[in-house]
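Q: Could you walk me through this one slowly? I'd like to look at it piece by piece.
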Amino acid sequence: MKSEDTKKKYQDIQERTFSFATRIIKMVNQLPSCAATFELGKQAIGSATSIDSNVIQARSGVSKKDFINHMKIARKEAKETKRWIQMMVAVELTTQQRTRLLLKEGEEIISILVSIVKNAEKNK
């Protein structure tokens, strides 16, 4: 049986990835309408929502291997989302100041996912 701390950690990452994905969607919806926004926004929304989806799938996994695999995919998608946000800043669709908190949250999510994967692999 999982400890209360472990249950809280998984519940926390689920809540954070859901919130992160919704914040990315809202940010993209506020960007100026242009071809770059359409493509970069689509990519950012896709990767951000995939983080949350993979965390949910990991928790529903049929094996430890399945759990680890989905958490690794979530980690990969979190890194990708961070890059899409940086790209939007680089092409001046938004500003560093507007995305500062999103990038910070993305970094924290990546760190949590790295920790979860390491712990899960260690406890195989």
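Q: Which residues of α3 are buried?
A: The buried residues of α3 are F67, I68, H70, M71, A74, E77, A78, T81, W84, I85, M88 and V89, where buried means under 20% relative accessible area, exposed over 50% and partly exposed in between, with a 1.4 Å probe and protein chains only. Helices here are DSSP runs of H or I with at least four residues, strands are runs of E with at least two, and both are numbered from the N terminus. This is a predicted model, in which local features need pLDDT of at least 70 and side-chain atom pairs count only at pLDDT 80 or more, while totals for chains, interfaces and linings use all residues. Residues are numbered from 1 along each chain as its sequence is written, and side-chain values use heavy atoms, leaving out hydrogens and water.

Q: ok, and which members of the largest nonpolar core touch the most others?
A: Of its 31 residues, I24, M71, M88 and L113 do; such a core is a set of buried Ala, Val, Leu, Ile, Met, Phe, Trp, Tyr and Cys residues joined through side-chain atoms within 4.5 Å.

Q: Which helix gives the most to this core?
A: That is α4, with nine residues, although α1 (4-29), α2 (35-59), α3 (64-90) and α4 (96-122) each supply at least two.

Q: What is I24 in contact with, leaving aside neighbours within four places in sequence?
A: I24 is in contact with A44, I45, A48, T81, I85 and L102, contact meaning heavy atoms within 4.5 Å.

Q: New topic: is A36 buried, exposed or partly exposed?
A: A36, which lies in helix α2, counts as partly exposed because its relative accessibility is 33%.
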